[in-house]
Amino acid sequence: MLRDNISDDIKKAIKKANMIVIRYSNNQLTNSKPCNQCTDILKKLELKYIYYSNNNVIIKEKVKFLETEHKSQLNRTFYKKYK
Ligand SMILES: [Zn+2]
């Protein structure tokens, strides 16, 4: 459904795109791995690579193979409230 609203040109561009997510707090690169919902969206969009920070390093993964059980803070709060 998400992809239906996007033009073919943009879909093509997204397939070649990479995404970088960095979280920085207390002078450290901390975990910014996308949560399970974001991962689903990135996979549906068929993004190529994701870069995320964790323990002061940047990790590169193919979106296709990205797996996570991680729920973001927003996610957890949302589900607590509306489940
Ligand atoms: Zn997320």
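1. Where does threonine 68 lie? Threonine 68 is placed in the loop between β5 and α3, the helix of residues 73-82. The model discussed in this note is a predicted one. Threonine 68 counts as partly exposed, because 15 C-beta neighbours lie inside 10 Å, and a residue is buried only if 20 or more other C-beta atoms lie within that distance, and exposed if 12 or fewer do.

2. The surroundings of threonine 68 bring in another part of the chain. Leaving aside residues up to four places away in sequence, threonine 68 touches Lys33, Pro34, Cys35, Asn36 and Thr39. Cysteine 38 is 30 residues from threonine 68 in sequence, and the two C-alpha atoms are 9.8 Å apart in space.

3. Serine 72 belongs to the loop between β5 and α3. With 15 C-beta neighbours inside 10 Å, serine 72 is classed as partly exposed. Serine 72 and serine 32 are 40 residues apart along the chain, while their C-alpha atoms are separated by 9.3 Å.

4. The overall composition may now be set out. The protein chain contains 3 helices and 5 strands. Followed along the sequence, these elements give the pattern α-β-β-β-α-β-β-α. The protein chain has 83 residues, of which 5% count as buried. Where contacts join residues at least 6 apart in sequence, 53% of them link residues at least 24 apart.

5. Which strands form the open sheet, and in what order? The sheet has 3 strands in the order β1-β4-β5, and the pairing is mixed. β1 (18-21) and β5 (57-62) stand at the edges; each has a single partner strand, so one side of each is left without a neighbour in the sheet. From one strand to the next, the twist averages 20°.

6. The antiparallel part involves β4 and β5, which are joined by 6 bridges. Isoleucine 50 stands opposite glutamate 61 in β5, and asparagine 54 has valine 57 in β5 as its bridge partner. How many of the 6 residues of β5 are buried? The count is 0, and β5 is accordingly described as hardly covered.

7. Tyrosine 49 is a residue of strand β4. Tyrosine 49 is partly exposed, having 15 other C-beta atoms within 10 Å. Not counting residues up to four places away in sequence, tyrosine 49 touches Asn18, Lys60, Glu61, Lys62 and Val63. For one of these, lysine 60, the separation from tyrosine 49 is 11 residues in sequence and 6.8 Å in space, C-alpha to C-alpha.

8. The backbone of the β4 and β5 hairpin deserves a remark. The hairpin has 2 residues between the strands, and asparagine 55 takes a positive phi near 45° there. Most residues other than glycine have a negative phi. Asparagine 55 has a positive value although it is a residue other than glycine. Is asparagine 55 buried or exposed? Asparagine 55 counts as exposed, because 9 C-beta neighbours lie inside 10 Å.

9. Asparagine 27 also calls for attention in a review of the backbone. Asparagine 27 lies in the loop between β2 (23-25) and β3 (28-30). Asparagine 27 is not a glycine, yet has a positive phi of about 60°. Asparagine 27 is exposed, with 6 other C-beta atoms within 10 Å.

Technical notes:
Residues are numbered from 1 along each chain as its sequence is written. This is a predicted model: local features need pLDDT of at least 70, side-chain atom pairs count only at pLDDT 80 or more; totals for chains, interfaces and linings use all residues. Two strands pair if DSSP finds at least two bridges between them. Helices (H or I, at least four residues) and strands (E, at least two) are DSSP runs, numbered from the N terminus. Axes are lines fitted to C-alpha atoms, for helices over the stretch in contact, and angles run from 0 to 180 degrees between N-to-C directions. Two residues are in contact if their C-beta atoms, placed from the backbone, lie within 7 Å.
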